[in-house]
Amino acid sequence: MEAAGFGGRMGKLGRVAVSLAGLLAPATQAAVDETDPLIVHADVSTVYDSNVFRLADGVPAAQYGGSKADVIVDPSVGIRANWPVSRQVLLLDAQLSRPTYTRHRQLDYTGWQGLLAWDWQWGSAWSGRLGYSDERTLSEFEDVQLGIKDLVRKQGGELSTAYALTSDWALQGSLTSSRQQHDRRRYLDLRQDGAGGGVRYRSGLGGEVSARLDYMQVEYSEALLTMPADERGYRQWQARLGGVWPLGAKTRLQAGYGWTNWKYRIEDDWQRSPTGDIALSWQASEKTRLYADYRRAFEAPGQNIGRNLIEGYGVGGAWQATALVGVELSWRREDKQLRQVLAYSQQTDYWRLGLKYRPDPAWQLSVYGQHQARDSALSQNDYRAVQAGVDLKVMF
């Protein structure tokens, strides 16, 4: 009976999505353009996930409500505004969502993402951005063990500036400050402050080269086991040289390389590691684009206890089958070196196939499938998961 009821609910959801698409399509014909100063959008995403908590195959499902799988329905509404005022531009980008789990109802939550910014211009040489962002979301279960529901809120501000020395050369600077607060994993609550600057060169052919030096300081607000909060923080310097080069009319290369140096408050010696990235995009034909990339970087502070190093690489392709239908296929692998209570490594593969149908600029229907597989040096961290989803987005 439960299976029949579950299938009935999914059938109703599918019929509602189709009916909604049919009702909205005529009403939004030629009503929206991406350059409009004000866009309101509504989105309904429905996803089947075979392993919501990212559990190993041998873990019994009895302690997780009798099933590792679930269907998540995520409705959201948002607004995107771009108001030019003389030479200044005010930006607002906000979205409110309510992910709802069909089986594991304890995971339901209200989330949001918001950005308020002022892109400023002063004279002919000075420009920059003053902005504030606020986000609330559910921590990924790849990082949270035992199915713990951990909501994290991130708030931050930024001030960036650029001074044009010539039409090609500019000096850059930035100041940032942010906070993260977890409702369950309180030992990850932190404050992060940063400052940086550098020089940028832009050629008349579309290329760009930049050199930067950035400083970051991380302070935790909660103790971890026997380590007081004021001893857990660290400082970091990162030097980076990067650039973007059009290798031809159809090929674009983006790359960066640098060194990251950091020191924990309770340690005397600095540690260092190379970091960088490279990405290549090739427009193979009018309808086909191929791409590949590689990245070596540290995990963002506040996701896990240690300084985890991630090497990620992948390939993919996008094909515009018709004027209305696009298809994309990609594969990505992430090798993570974890420095938690134990030091170990793990590898995660992501295969994804997606299809987008956009008969009008005002609405888009997306269907996708994804397979994830993680192999870890700790066998209890291995998992397999399959997702299949459909998403309907309408803009006004």
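A cavity here is a set of grid points where a 1.4 Å probe fits but cannot get out, and its lining residues have an atom within 4 Å of a point. Keep in mind that this is a predicted model.

View 1. Searching the whole structure turns up 1 cavity of 30 Å³ or more. The largest cavity has a volume of about 70 Å³. Its lining includes Tyr 220, Tyr 234 and Tyr 264, along with Glu 299, Pro 301 and Arg 307. Sort the lining residues by kind and you get 6 nonpolar, 4 polar and 2 charged.

View 2. The whole structure holds 12 aromatic pairs. One of them joins Trp 126 and Tyr 163, tilted at 45 degrees between the planes and 4.8 Å centre to centre. This pair links distant parts of the chain, with Trp 126 in strand β6 and Tyr 163 in strand β7, 37 residues apart. Trp 126 is partly exposed at 35% relative accessible area, and Tyr 163 is partly exposed at 30%.

**View 3. An edge-to-face pair.** The planes of Trp 262 and Phe 298 are at 70 degrees, so this pair counts as edge-to-face; the cut-off is over 60. Trp 262 lies in strand β12 and Phe 298 in strand β14, 36 residues apart. Trp 262 is buried at 7%, and Phe 298 is buried at 17%.

**View 4. An aromatic cluster.** Tyr 294, Tyr 313, Trp 331 and Trp 351 make up one aromatic cluster.

Key
Residues numbered from 1 in each chain as written. Predicted model: local features only at pLDDT ≥ 70, side-chain atom pairs only at ≥ 80, totals over all residues. Heavy atoms only, no water. 1 Å grid on protein atoms, 1.4 Å probe; cavity = no way out; pocket = protein on both sides within 12 Å on 5 of 7 lines; lining within 4 Å. Points joined across faces, edges and corners; volume = space filled by probe spheres on them. Nonpolar A, V, L, I, M, F, W, Y, C, P; charged D, E, K, R; others polar. Phe/Tyr/Trp six-rings, centres within 6.5 Å; stacked < 30°, edge-to-face > 60°. Helix = DSSP H or I, 4+ residues; strand = E, 2+ residues; numbered from the N terminus. Buried < 20%, exposed > 50% of the residue type's maximum accessible area, 1.4 Å probe, protein only.
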